[in-house]
Amino acid sequence: INEINYLYVNEKVMIVTDDIIKAKFFFKKIKEKVVISKSLDQDLNIMCNAKVFFSGLSTLSWWAANLNENASRIYIPQFLDNKLGLFNDNCKIIKL
């Protein structure tokens, strides 16, 4: 989270979450952010169309990482990659 706050402090960021309060707290250093929580299909659609995607520790995020054809980079937790793998060959994969 510290790396994300540092790298994207001056970028426009959309955060898709099921806990808006925690997301706003964890990403408080990012100046321009939109924190949303919509329906399951809307959240998945947003994540699948991200240009840079940071996966959380959830199977929904994992699915979005694998289905995303628009991202130039996908950041995925090492734990999630070890357990489920990542099968998206369209972009650069960075393991956290």
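D81 lies in helix α5. Helices (H or I, at least four residues) and strands (E, at least two) are DSSP runs, numbered from the N terminus. This is a predicted model, in which local features need pLDDT of at least 70, side-chain atom pairs count only at pLDDT 80 or more, and totals for chains, interfaces and linings use all residues. Residues are numbered from 1 along each chain as its sequence is written, and side-chain values use heavy atoms, with hydrogens and water left out.

**D81 and the salt bridge**

- D81 is buried, with a relative accessible area of 13%. Buried means under 20% relative accessible area, exposed over 50%, and partly exposed in between (1.4 Å probe, protein chains only).
- The structure has one salt bridge, defined as a side-chain nitrogen of Lys or Arg within 4 Å of a carboxyl oxygen of Asp or Glu.
- That bridge joins the side chains of D81 and K95, at 2.9 Å from N to O.
- K95 sits in strand β5 (residues 92-95) and D81 in helix α5, so the pair ties together parts that are 14 residues apart in sequence.
- K95 is partly exposed, at 45% relative accessibility.
- Beyond its neighbours within four places in sequence, D81 is in contact with I76, L86 and K95. Contact means heavy atoms within 4.5 Å.
- Side chains of opposite charge can pair when their charged atoms come close.

**Nonpolar cores**

- The largest nonpolar core has 13 residues. A nonpolar core is a set of buried Ala, Val, Leu, Ile, Met, Phe, Trp, Tyr and Cys residues joined through side-chain atoms within 4.5 Å.
- F53, A64, A65, I74, I76 and L86 have the most contacts inside this core.
- At least two residues of this core come from each of α3 (40-48), α4 (59-67) and β4 (73-76).
- Helix α4 gives the largest share of this core, three residues.
- Another core, of 10 residues, lies apart from it; I4, I15, V35 and Y75 are among its members.
- L86 touches A65, N66, I74, I76, D81 and I93, not counting residues up to four places away in sequence.
- In soluble globular proteins, nonpolar side chains tend to be buried together.

**Helix α4**

- The buried residues of α4 are S61, W62, A64, A65 and N66.
- They pack against α3, β3, β4 and α5 (78-84).

**Aromatic pairs**

- There are five aromatic pairs. Rings of Phe, Tyr and Trp (its six-membered ring) pair if their centres lie within 6.5 Å; planes under 30 degrees apart count as stacked, over 60 as edge-to-face and the rest as tilted.
- One of them is Y8 with F54, edge-to-face, at 5.5 Å centre to centre and 85° between the planes.
- Y8 lies in the loop between α1 (2-7) and β1 (12-16), and F54 in strand β3 (residues 52-54), so this pair ties together parts that are 46 residues apart in sequence.
- Y8 is buried, with a relative accessible area of 13%, whereas F54 is partly exposed at 26%.
- The rings of W62 and W63 also pair edge-to-face, with centres 5.1 Å apart and planes at 75°.
- W62 is buried at 11% relative accessibility, while W63 is partly exposed at 46%.
- Y8, F54 and Y75 form one aromatic cluster.

**Cysteines**

- The whole structure holds zero disulfides. A disulfide is a pair of cysteine sulfur atoms within 2.5 Å.
- The sulfur of C48 is 12 Å from the closest cysteine sulfur, in C91, and so too far for a bond.
- C48 is buried, at 12% relative accessible area. C91 also counts as buried, at 16% relative accessibility.

**N68 in its loop**

- N68 is placed in the loop between α4 and β4.
- N68 is buried, with a relative accessible area of 1%.
- Its side chain reaches the backbone nitrogen of N70 at 2.6 Å. The side chain of N68 also reaches the backbone nitrogen of A71, at 2.7 Å.
- Leaving aside neighbours within four places in sequence, N68 is in contact with M47, C48, N49, A50, F53, N88 and N90.

Conventions:
A polar contact is a pair of N or O atoms within 3.5 Å; within protein, one must be able to donate a hydrogen and the other to accept it, and residues adjacent in sequence count only if both atoms are side-chain atoms.
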